[in-house]
Amino acid sequence: MHQHSTKIKLDLFVLLIAIILISCSNKEDNGLQLRSVDDLQDKRIGVVVGFVYDKYVKDNLPGAKVLYLDQLPDIIKALEDGKCDATFATSDMLPYIIKEHPTIGILQERLMSSGVGFGFNFNNPELLLQFNEFLAELRKKNELETIYELWTTDPDNAPIPVLGGDGSSGTLRFGTTGIERPISFVRDGQPAGYDIDLFYRFATKYNYKVKIQNTSFGGLIAAIESGKVDVIGCNIFITPEREKHVAFSDPYATILVYAIALKKNIASSYSKDDKGFKSAADLADKRIGVLVGSVYENYAILHYPKAIVSYYDTRPDVLVAIENGKCDGAMFPDDMVPTILREHPNISILEDNLIYDDLGFAFAKSNKKLLEQFNTFIRELQSQDELKNIYDGWRNNFNTMPDPVLKGDGSAGTIILGTTGIDIPNSIVRNGVLVGYDIDIFYRFASRYNYKVVVEKINFGGLIAALTSGKIDVIGSGMIITPERSKMVNFSEPYAKKRIAMLALKKNIVRTKVAPSVMSIDYFKDKTMAVLSGSIYEKWTSEYLPNAKTLYFDELQDVLIALKNHKADATFVDEGDRAIIMGLHPEIVVYVPNIMELKYGIGINKNNNQLLESINEYISDIKANGELEKINDKWLNYITKDVPAPKATGKGDVLRIGVVGTMPPSGFIKNDSLAGYDIEILYGYANTHNLKVEVLKMNFASLMPALVSGRVDAIAAGISITPEREKQIAFTIPYMTSITSIVGLKENIAGYGTNTDEEIEEKSFFVELKESVTNNLIAENRYLLIVKGLKITFIISILSTILGTLLGAIVCYMKMSSNSVLKGISNVYITILRGTPILVLLMIMYYVIFAKVDLSAIIVAIIAFAMNFAAYVSEMFRTSIESVNKGQTEAGIAMGFTKAKTFLYIVMPQAIRRVLPVYKGEFISLVKSTSIVGYIAIEDLTKASDIIRSRTFDAFFPLILVALFYFALAYLFLFILNRIEINTDSKHKLMKRSKA
């Protein structure tokens, strides 16, 4: 009885514990309410082994716990069983996951996107080329998209793929998973799916037999690397990491990735119908409020064609419309945003830096005299840094700025100024007095030239009409300079830059980490983009424009040439470069004003913490005292000012810095001296610590190898700080933040056209030639760069040839030796050197072999070119020697000559005559090959032209000039070698003697 009682108590205890656990479980389920991916920070996320999602989690959700499983079905089951809280699925698989698992829903759309491709072994480039040709044919016929839609729309009824290849071209082992619907799965016992269909069509066309090998996704890359399969295909994302192990085909589709979770765990308040705006792109089909006559009107129509645009006369009316729900978003200048957010706490920034443009005062086209006078005044304020001080004062301290005072006595006449009077901080009434940035500037101008000013307050939309009709003389109200407006009015020189932000109700904004607005970049998805090698734009393009074609260049000027010659559709420039480029090339305009914000830092070797801390301390000091801001502003506007190049005055230990020298305004050559904000910061640091500066100018792509190898102590060239770069080098604290824009040719934008009111001045060939000579050679004594470069090219060519010839003779002797060891060494030397590209050899010698040796880059170049030259001429010497009849050697020995004398007096003269024709060609090839020495910081002839082009952005003259100099060098060397060939020709000598 006691035992029975004890059992009952135990059962009741177990039941109680079970009830408590169930209760706790239910509470936990009810507490898991996911609204966006950001809510997964501390949750459990299921990831298939080998998928790229684990990197996304690591980068964006560092607090999350990753659960790795072999297959997607395992992940789905883990999700349903509560073992993980969320996972990811691609857009093509998602419909079937939700159909087969109705308890699962979408947590957030458009998490990421990527191109997908088939993977090939690096040892089979012919097969990869063949497959890419096949894809190109399908794409041209629009069949690629048709096949994709066939399988993603109805995979259960799509016809089973048929393999028609007879195997005459061989058998291909195809690795896939076989369980990823609709990509690769088994239906009715037969392989099916998009990837299977696509590969079977390829194999049929080229008569391959296919053997399918199913494996887990995580094992696919290992299978292709080990040679167990020839091709892999299963919705494989093309990523830089995978490209290190697999040769990918061209992308055959672009896939979107979604986050999914159990429906019961997704907050009911977050759905497609809610106003969960993550970026301005989410207003694509919403209501956007704009100010009548503002630049935002065209921007809204161009970028949001499906949106409903609502027009308002004043900005206060727009704000009221947002608060009352009459519009979902509206654009405002960044200088107004702080005040708006302070006075309207229920409004917030949806996306900033939407537009980034110049502001100007507008004048009637008939009043050019007043415009010129005002421009002179603006330039004076800029040279004194007064213009920026006025702007910063009104933007940051509006309430404490003194009222503008008009002191002009009217002796020069009266000017009617048109403004709105309601746009803070440009033009607004404060305490009954008209104040603001624009008012302050114009009152100062009027006071300086003794004008009387009459102010007319007009709605923004009526300002240009008032000016063109003659009712006012000038417009001053934060007006953005645009090509359309420039057709009707004349704008002053820019007096400020303005960023535009998109505002919305705070409650409608969802803060998430998303890619840049697809509304802004979608146009470029299949275009050709030009990028600077080694720049951050390479990664950005591959990530956000996976289907775009990318062209890589070593110099910015080459990027612009490609753009202007229609080899590329667009490129990337940052805030500093943009003003310079567009100033020198008015045909280039901004397409997308803001795709990313970059922070620039100075790169330091990771082993040099002392230097890193020291430079950080210096940057912090000049940032605190305002000197850093002055340096950056000075060089961003150096074109409009006569800014002297900074000087390095230190006499102590050497600080070696690596720069490009062809990238204004960060670092460029001015009057044969380095200039730019990077240079001034580093020189300032060196002078403060009494360090002597040694500068090495090199290509951008060579900067990091030079730093890592210890060739330089620091690198600076407008280098943006990224996580990938921080893995290799250490960065200082940022010294500048810059906005990156996508730019292209003006002619590609509808509405720009040609201004028929302006006459285009036709210049004769000789006038253009004179201007080119002046700009590229005379100005800033740039001819000295050519002279210096020519001297270095000459020295490297001659010394490399002499050393290479001697070394080649030694290798030739070893190759013809009876000693098997010497012969083996020479064979290895010739094979390696002839099989290694000279650029690769040059960089290995400089950044690896001689990295720790204090040896001049010129000497390293001479050694590298000599080694390469020796490998070729040794074989020339050998064949020419062997071509001399052996009977002559035997005859010489029979006559009493030693072997050495026989070779010296009989064999060698004949061998020289026979080798000279091919020797000349190899020598000229060496001279031309020296044009690559800029990669190891040598300022040769080619590098000199790059430096000149970086200043003038002249596409052709410097290149043609350098080509002529190379031709002259080659002609001179050929002439000398021809004379040697003639003088060694016995027949020529005999004829010469007979004539004598």
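This is a predicted model: local features need pLDDT of at least 70, side-chain atom pairs count only at pLDDT 80 or more; totals for chains, interfaces and linings use all residues.
## Basis

Local features need pLDDT of at least 70, side-chain atom pairs count only at pLDDT 80 or more, and totals for chains, interfaces and linings use all residues. Residues are numbered from 1 along each chain as its sequence is written, and side-chain values use heavy atoms, without hydrogens or water.

## Nonpolar surface patch

F794, I795, L799, I802, L806, F967, Y971, L972, F975, I976 and I980 form a nonpolar patch on the surface. Together they have about 1,100 Å² of accessible area (Shrake-Rupley method, 1.4 Å probe). Patch residues have over 30% relative accessible area and no salt bridge, with nonpolar side chains joined within 5 Å.

Helices α27 (783–816) and α34 (957–983) each supply at least two patch residues. The largest share, 6 residues, comes from α34. F975 lies in α34. Its relative accessible area is 47%, so F975 is partly exposed (between 20% and 50%).

## Largest cavity

The whole structure has 8 cavities of 30 Å³ or more (sets of points on a 1 Å grid where a 1.4 Å probe fits but cannot get out). The largest holds about 260 Å³. Of its 25 lining residues (an atom within 4 Å of a point), L532, Y537, D574, D577 and M663 are closest to the centre.

The lining has 17 nonpolar, 5 polar and 3 charged residues. Strand β29 (570–574) gives the largest share, 4 residues.

## Second largest cavity

This cavity holds about 80 Å³. Its lining includes F51, Y53, F217 and R242. By class, 7 lining residues are nonpolar, 2 polar and 1 charged.

Conventions. Patches are made of residues with over 30% relative accessible area and no salt bridge: like charges are joined within 9 Å, nonpolar side chains (Val, Leu, Ile, Met, Phe, Trp, Tyr) within 5 Å. A salt bridge is a side-chain nitrogen of Lys or Arg within 4 Å of a carboxyl oxygen of Asp or Glu. Buried means under 20% relative accessible area, exposed over 50%, partly exposed in between (1.4 Å probe, protein chains only). On a 1 Å grid over the protein atoms alone, a cavity is a set of points where a 1.4 Å probe fits but cannot get out, and a pocket is an open set with protein on both sides within 12 Å along at least five of seven lines; lining residues have an atom within 4 Å of a point. Grid points are joined across faces, edges and corners, and a volume is the space filled by probe spheres set on the points. Ala, Val, Leu, Ile, Met, Phe, Trp, Tyr, Cys and Pro count as nonpolar, Asp, Glu, Lys and Arg as charged, and the others, Gly among them, as polar.
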